[in-house]
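The following note sets out numbered points on the model shown here. Please read them alongside the sequence and the coordinates.

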Amino acid sequence: MNMPRTAKDKAAKLAPELKLRIHDHMVQARLTEELLIRLVRGGQGYFWIGAPGEEALGVPLGLLIDKGEGPDHDYLHLHYRSSPTVLTMGAQPIDLLRQMRSTATDPYSRGRNFVNHFAIKAWNIVPVTPTIETQYTVGPGTAWVQKRHGGTGISIITGGDAGTAEGDFATCLNWSTRPGHELPVLILIAHNGYGISTRAAETQASPHLHERAGPFGMRHGEVDGNDPEACYFALQAAIDYIRKERKPFCLQANVSRLYGHSSSSGAQLIKDERDCLVEYEARLEKEGLLSKDAAEAVHERWRAHLKEAYQQVLQEPMPDSADIWKHIFAPAQEV
Amino acid sequence: MANLAQAIRLALHYGEENLGVTDIFGEDVGPPLGGVFTATQGLKTTWNTPLDERGIIGTALGIAYAGGRPVAEIQFCDYVFNCIDLLKLCGNAHWSSAGEYNVPMVVMTPVGSGIHGSIYHSHSFESIASHIPGWKIVMPSNPLDAYGLMLAALKEPNPVMYLAPKALLRVKGEELIPGEPADEKTLNQMINAPLGDRSGWAPNWPKVEDFTVPLGKAKVCREGQRATVISYGRTLPLCVTAADELRKEGLDFDVIDLRTLYPLDMATLQGSLRKTGRVLIVNEDTEVTNFGEHVLRRLIDTCFYDLEAAPVLLAGADVPGVGLAWELERASVPQQPDILAAMRKLASEKA
């Protein structure tokens, strides 16, 4: 293990307020995703792919991001299981419902892309794509600009374990560690153990994918992706290191995939997977921070919020067919 | 007169000084080599990359996302084929994000035959490039246009594919680039790196000026009544030479240099075809699903009843590569005699 020191500090503790905030965001993300699944099953969308089971990783990441536009802030090269991160950053669940229904009001693609395919320039979230690896080649570009610019902004690249099999992962390791040109990049592997239906154990020789960073001289580590506090500390340590040293870090978080790959595989709850939300609620109850009733109240608040949002989205228009001709090219600018 | 590679170099220098170019990069693009065709010698924002085309295209996209203005070079277009999905992402970022992001980047790459490049240094790319929406595509055939098209590309808020015909990279122009010294030797002394140790060398750039060839604007190189010849890149000067030869026989042609392949200057093409009633398209890409077929289809869509003879496409043979031996290369891509024969035949077809 090659983790920065703070992640190993067993005495480190989160403030109770922050723990409850993490829980709140986890519930928000989980219930949003579960509503999305119900929508696609009910014919209110064409396809679902998302992040239930990755809240313990995605929420802390969202809390630790320097949000803003331009190289002074963090760039996000996300994959399609990033709703906990983006919701924690302040995205509204209604906008995910809009993208699921492909409405004209979908702020991320105006009905053009799958749900969880964000594009938010004001927060440096570059367009999410259905490809599982291309973000690994694009991330060094934003990091290169940040390194030259100065400051503390970093480029965060997320992906799954399956995507690391593509050559783009090696590209990222190489381009982030060129001697004298090391880049402020966080490579975050959410290892859920599957590539669609194929077990990782069938296709990858080692379950410790982060170790591939070692020969490049890149620091790396592994964390329990079902433990939000462990994730918070591991991410904080990695991000602090990158911000300060302007060098890359590769972190692997071992997560669950609670509803399978996507709606194409049925999106049924898989009961033998660990559930980070259930585990965290039990832990907070044990610590005396969150009773069962209080937890249920959080769920109920988000259920009501989502119900209202859904009713709103049902009233919103679909794109006009003529919209396909919009935004093919950006208009010319004065130079 | 600058050659085409020098014209690109001068344009990139102008871009660095005046158009916000932040990064010119690729394999051997920076010092000491300055590009395998010397197109990037002496420029101040150049850097060398790993031999990793996917890394080059992806990094360019990232730089553009972060507010930079990158020019990425793929050393030969033959090596860009493993980047098709990344090129697609560059082209669809604006559309898929419904206008949230745009991608001001240029990818330049030498294309085509003519330097005995064999199977992996002779490919054409325009037909495949034109299948990737969201890109503008240019291909100059002379140094002045190479300069003006590059400046246009560097002013674009969208991705531009700059295809450089490698057979013409050493060909000198007939018109001066604004600000270029009239004396060729002087220019060479100012901007060409010396052979051997270059560690102490720096260019002495001439004060080149703004000169933009608008994207989407073709050039009528020769005017005539008998037939229209449409081409670009390496085959364009061959078509001009053929037209000059045939004019001696009393056969005069419109010869049109597309310069920009996307978007097409349909108004110029239609105007010419409506005048002549005959059209020949010449390029060297393989003939099946050839870009010229697209041009023909669009002309037939709009000018079918103006045609006096069957339209013709003269393109590369549909074979897997351009062979090294001259006998093989000659037979694979159109040469001067092929073009001359095709023009003569088209001109003599009965209406």
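1. Strands β8 (residues 227-231) and β9 (residues 253-257) of chain B run parallel and are joined by five bridges. Val229(B) has Val255(B) of β9(B) as its bridge partner. Two strands are said to pair if DSSP finds at least two bridges between them.

2. The model is a predicted one: local features need pLDDT of at least 70 and side-chain atom pairs count only at pLDDT 80 or more, whereas totals for chains, interfaces and linings use all residues. Residues are numbered from 1 along each chain as its sequence is written, and chains are lettered from A and ligands numbered from 1 in the order in which they are written.

3. The two strands of the opening point belong to an open sheet of five strands in chain B, with the order β7-β9-β8-β11-β12 and mixed pairing. At its edges are β7 (219-222) and β12 (312-316) of chain B, each of which pairs on one side only. On average, neighbouring strands of this sheet are turned by 25° against each other, direction ignored. Axes are lines fitted to C-alpha atoms, for helices over the stretch in contact, and angles between N-to-C directions run from 0 to 180 degrees.

4. Which helix of chain B lies across β7, β8, β9 and β11? This is α7 (residues 235-247), which runs at about 165° to β9(B). Helix α11 (residues 336-348) of chain B also packs on the sheet, where it touches β8, β9, β11 and β12 of chain B. The direction of α11(B) makes about 170° with that of β12(B). Contact between two residues requires their C-beta atoms, placed from the backbone, to lie within 7 Å.

5. Chain B is divided into domain 1 (4-191) and domain 2 (219-348), with bounds that come from an automatic or database domain assignment. The centres of the two domains, taken over C-alpha atoms, are separated by 25 Å. Domain 1 of chain B brings 25 residues to the contact and domain 2 of chain B brings 23. On the side of domain 1, the elements giving two or more residues are α4 (126-129), β5 (136-138), α5 (143-155) and β6 (160-165) of chain B. The largest share of that side, three residues, is from β5(B).

6. The residues on the side of domain 1 of chain B that touches domain 2 comprise 12 nonpolar, 10 polar and three charged. In this classification Ala, Val, Leu, Ile, Met, Phe, Trp, Tyr, Cys and Pro are nonpolar, Asp, Glu, Lys and Arg are charged, and the others, Gly among them, are polar.

7. One runs from Pro31(B) to Pro32(B), with omega near 5°; Pro32(B) is in the loop between β1 (23-26) and β2 (46-48) of chain B. Another runs from Tyr262(B) to Pro263(B), with omega near 0°, and Pro263(B) is in the loop between β10 (260-262) and α8 (266-276) of chain B.

8. Positive phi values also deserve attention. Ala98(B), a residue other than glycine, has phi near 55° and is in the loop between α3 (84-96) and β4 (106-111) of chain B. Is Ala98(B) buried or exposed? Ala98(B) has 22 C-beta neighbours inside 10 Å and therefore counts as buried. Ser118(B), likewise not a glycine, has a positive phi of about 65° and is in the loop between β4 and α4 of chain B. With 16 other C-beta atoms within 10 Å, Ser118(B) is partly exposed. The cut-offs are 20 or more other C-beta atoms within 10 Å of the residue's own for buried, 12 or fewer for exposed, and in between for partly exposed, with C-beta atoms placed from the backbone.

9. Chain A has 11 helices and seven strands. Its radius of gyration is 20 Å, close to the 20 Å given by the globule rule for 335 residues, so chain A is as compact as a globular protein of that length. The radius is taken over C-alpha atoms, and the rule is 2.2 Å times the number of residues to the power 0.38. Buried residues make up 52% of the 335 residues in chain A.

10. Between the chains, 35 residues of chain A are in contact with 33 residues of chain B. On the chain A side, α6 (135-149) and α7 (167-175) each supply at least two residues, and the largest share, nine residues, comes from α6(A). By class, this side of chain A has 15 nonpolar, 16 polar and four charged residues.

Note on methods: Helices (H or I, at least four residues) and strands (E, at least two) are DSSP runs, numbered from the N terminus.
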